[in-house]
Amino acid sequence: MRQINRVAVLGAGVMGATIAAHLANAGLDVLLLDMVPKELSGEEEARGLSPEMPQVRNRIAATGLAGLLKMKPAPLYLKEYTSQIEIGNFDDDLPRLKDCDWVIEVVIEHLPIKQSLFEKVVPHLKPGAILSTNTSGLSVNAMAEGLSPEVRKNFLVTHFFNPPRYMRLLEIVPCRETAPAVVDDLAAFISRRLGKGIVHAKDTANFIANRIGVYAIYKGIEHMVAMGMTVEEVDAIAGPATGRPKSAAFRTADLVGIDTLIHVGNNSYQLLPDDEEREVFKVPAFMAEMVDKGLLGNKSKAGFYRKQQVDGKRQIFYYDYTSGEFKPAEKPKFASIAAVKMIDDPAQKIRMVTEGQDKAAEYAWKTLRDTLLYTFNRIPEIADDVVNVDNAMKWGFNWEIGPFEMFDALGVDNFVKRAESDGVIVPEALKKIKSFYRFNESGQKEFFDLEANEYRPYQLNPGQINLQILKKSQGVVEKSSGSSVVDLGDGVFCLEFHSKMNAVTGDILAMTHKAIKRAETEGVGLVIGNQGVNFSVGANLMLLAVALAEGAYEDINMMVRAFQKATMAIKLAKVPVVAAPFNMTLGGASEYCLHATAINAYAETYMGMVEVGVGLLPAGGGTKEMCLRAAELATRHDTDVTPFIFKYFKQIGMAKFSMGAAELFDMGYMRTGDSVSMDIDRLISDAKQKVLALSVNYRPKRPVQNIPAPGRSVAASIKSQLWNLQMGGFASEYDAEIGSIIASIICGGDVPAGLPVSEDYLLQLEREGFLKLCGNKKTAQRIQHMLKTGKPLRN
């Protein structure tokens with residue numbers, strides 16, 4: 001495979017700088033270049049600098065680099081990664097491109113400017129270096145016209161979506177002369193090292209995601225106006241209720257920028273004269289007026305929505321396109337939308353909503369009907385197959401399922417009949433298709449190839465394990481309502497959560513023991529992982545709330561004991577257990593990971609023990625584990641344990657969670673030997689490989705019996721600081737009580753410093769502290785508030 005170690009980014013604006021940041025996230029050396037300023041800034045003049053000085057000539061690139069440290073959400077995993085980014089300018093530093101394996105152009109979306117830059121850049125490229133452009137819609141073949149045949153072999157579009165760290169989609173578009181090996185090698189590299197979901201698009205206006213996504217928004221606007229609906233009503237329908245993100249249509253427009261949305265629409269209208277829906281891309285007059293008023297979306301703090309203080313409270317207003325004024329948000333309610341609120345499966349939600357009898361159902365059906373038909377008609381124009389289109393919409397616009405998966409959710413036959421009953425023209429080819437995806441008799445997933453008019457195997461990337469496909473083809477070893485044990489092959493099993501929000505339930509606790517026993521008797525190790533939206537949101541609070549309401553404290557004690565037994569079973573297993581967390585990994589889910597032999601986390605893992613948010617403490621062994629880790633660090637470095645205890649106490653007491661896996665090492669939740677996967681599709685496979693490596697010479701752990709307790713003196717220091725916070729009005733009496741109980745546990749109880757204590761003793765302290773907090777009425781209030789609002793209550 002082609003080796004890429006050093007990358008140049010040409011253009012240090014927001015997009016260029018954030019692409020450079022993500023390349024640094026991946027451990028690559030980066031050269032960030034931009035123009036030389038035309039004149040000195042006021043600050044430079046005041047400092048007596050001259051135009052020839054490097055700090056002046058590199059100012060634009062330096063500003064882009066410095067801006068990375070202030071951006072939210074953070075484009076860097078860790079701020080120190082900026083040390084991997086060097087800066088320079090187009091006039092002085094193009095010769096440095098000879099050391100770069102890949103050069104990415106990210107300047108303004110104007111063809112002559114890009115071609116002019118390429119003329120300057122090409123002479124400095126090393127032989128075989130890849131040159132790519134980050135255009136979001138310009139023709140790659142038009143850009144390639146001025147390049148030599150040798151350069152064209154290595155030239156293509158690599159369209160990152162904004163922000164590059166968080167948006168998974170990357171569209172690759174080769175020019176006519178791009179070598180297939182270059183496309184394949186770069187796609188594999190970007191997928192593995194940058195964690196991107198690769199979609200292969202064609203050289204058409206706005207490629208795949210923007211072509212379909214912007215059409216869906218514009219067509220939605222057309223139906224909104226025709227039906228006399230508000231933007232707020234549309235967003236109530238065009239979000240999670242119909243398999244789209246919470247930002248729905250108009251919050252997405254505000255996020256992208258209304259001016260950008262207009263640009264993409266105009267681009268489509270101008271470049272697609274033969275598109276049967278060309279008129280849809282005409283910009284509505286009210287949107288043009290919004291831009292004239294400076295209502296650009298989030299970047300101008302007002303667009304389709306605006307937030308402002310009213311009587312000391314933040315209030316949200318929506319834009320009334322009929323009057324041109326903002327009106328208070330009303331949170332519209334629809335029966336069809338309410339009916340799917342508690343349903344997780346996006347396919348089921350779409351079916352139910354579109355079958356409803358209210359205005360929301362009518363709007364949902366009409367917009368989906370038109371969007372799906374438009375998408376069907378775009379193959380093979382914008383992509384060769386349905387898989388690329390579905391992935392583009394899931395990764396680029398955060399749809400839960402893609403357009404062709406939506407067809408299957410609605411039922412292709414039913415869709416055709418209903419669309420024809422509306423008087424809509426349905427393509428003849430669509431009428432002959434039963435479904436776009438299926439599992440064949442061997443349990444293999446297939447997709448319908450529209451050009452070949454037959455089903456083809458659904459190809460996974462090398463190293464990818466898809467649990468859904470695996471379970472169909474090989475079956476499940478053990479299964480319950482909330483979890484399964486899946487055979488990953490080579491003697492490795494997987495404990496998969498699939499409860500609601502992957503919350504850790506009694507069902508999962510029981511299955512944990514079964515999974516470990518299976519791995520110990522029939523295999524070499526276990527992976528704890530799944531492929532849901534999040535790894536797990538933690539323990540099931542609803543069960544605890546019911547027990548509290550009934551005063552069933554003995555039941556609560558049994559719940560906590562069961563949780564501790566499960567986590568200790570993970571830690572003491574006779575075979576290695578590797579946790580594979582990703583996205584939200586909170587509370588009890590963090591404790592599961594802390595007890596694993598090793599952690600192989602996805603780069604975007606937001607892990608933390610956040611129990612104090614509901615008035616509780618980590619009692620699944622989490623508090624115990626941090627006491628143990630603090631003691632281990634102090635012993636290893638022959639130093640005082642106090643700084644480590646204070647740090648870990650603060651993390652628990654402030655419900656701190658990581659903003660990425662890289663932060664987990666400093667937090668003490670991940671340690672030497674743990675690892676991070678950039679590509680979420682490889683996460684389960686990477687965890688499996690770690691199990692296999694560990695199993696070769698695995699030495700099972702035993703319960704620790706001689707932990708030197710930090711002791712009552714360290715706990716007293718923590719409690720003194722809590723008292724000061726309470727007296728200063730920074731913590732309530734209740735918060736101080738929670739903190740004091742946690743301090744006692746993490747310090748080993750009311751014992752002198754250095755007294756040997758056991759893991760079992762610390763677990764007992766956890767249970768006692770947890771039950772004590774359960775006896776406080778404010779804890780029940782916090783739990784109920786969290787269940788109702790999803791947000792912590794401060795009281």
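Helices (H or I, at least four residues) and strands (E, at least two) are DSSP runs, numbered from the N terminus. The model is predicted: local features need pLDDT of at least 70, side-chain atom pairs count only at pLDDT 80 or more, and totals for chains, interfaces and linings use all residues. Residues are numbered from 1 along each chain as its sequence is written, and side-chain values use heavy atoms, with hydrogens and water left out.

View 1. A pocket is an open set of points on a 1 Å grid over the protein atoms alone, with protein on both sides within 12 Å along at least five of seven lines; a cavity is a set of points where a 1.4 Å probe fits but cannot get out; lining residues have an atom within 4 Å of a point. Grid points are joined across faces, edges and corners, and a volume is the space filled by probe spheres set on the points. The second largest pocket holds about 450 Å³ of space. Its lining has 18 residues, with Phe649, Gly653, Met654, Leu722 and Leu725 nearest the centre. Helices α27 (642–653), α30 (712–727) and α31 (733–746) each give at least two residues to this lining. By class, the lining of this pocket has 11 nonpolar, three polar and four charged residues. Ala, Val, Leu, Ile, Met, Phe, Trp, Tyr, Cys and Pro count as nonpolar, Asp, Glu, Lys and Arg as charged, and the others, Gly among them, as polar.

**View 2. The largest cavity.** One cavity of 30 Å³ or more turns up in a search of the whole structure. The largest cavity has a volume of about 210 Å³. Of its 18 lining residues, Ala216, Ile217, Ala238, Arg244 and Ala249 are the closest to the centre. At least two lining residues come from each of α9 (209–227), α10 (231–237) and α16 (359–376). The lining of the largest cavity comprises 12 nonpolar, five polar and one charged residue.

**View 3. The eight-stranded sheet.** Strands pair if DSSP finds at least two bridges between them. The sheet is open and mixed, in the order β3-β2-β1-β4-β5-β6-β7-β8. β3 (85–89) and β8 (197–200) are at the edges with a single partner strand each, so one side of each has no neighbour in the sheet. Neighbouring strands are turned by 25° against each other on average, direction ignored. Axes are lines fitted to C-alpha atoms, for helices over the stretch in contact, and angles run from 0 to 180 degrees between N-to-C directions. Four bridges link β1 (residues 6–10) and β4 (residues 102–105) in the parallel sense. Val9 has Ile104 in β4 as its bridge partner. Helix α17 (residues 386–396) lies across β7 (169–174) and β8, at about 135° to β8.

**View 4. The three-stranded sheet.** This open sheet runs β12-β13-β14 with antiparallel pairing. Its edge strands, β12 (437–439) and β14 (454–457), each pair on one side only. β12 and β13 (residues 445–449) are joined by three bridges. Arg438 has Glu446 in β13 as its bridge partner.

View 5. The peptide bond from Asn162 to Pro163 is cis, with omega near 0°. Pro163 sits in the loop between β6 (155–160) and β7. Ile379 and Pro380 are also joined by a cis peptide bond, with omega about 15°. The loop between α16 and α17 holds Pro380. Lys301 is not a glycine, yet has a positive phi of about 65°. Lys301 belongs to the loop between α13 (285–292) and β9 (305–310).

Key
Contact means heavy atoms within 4.5 Å.
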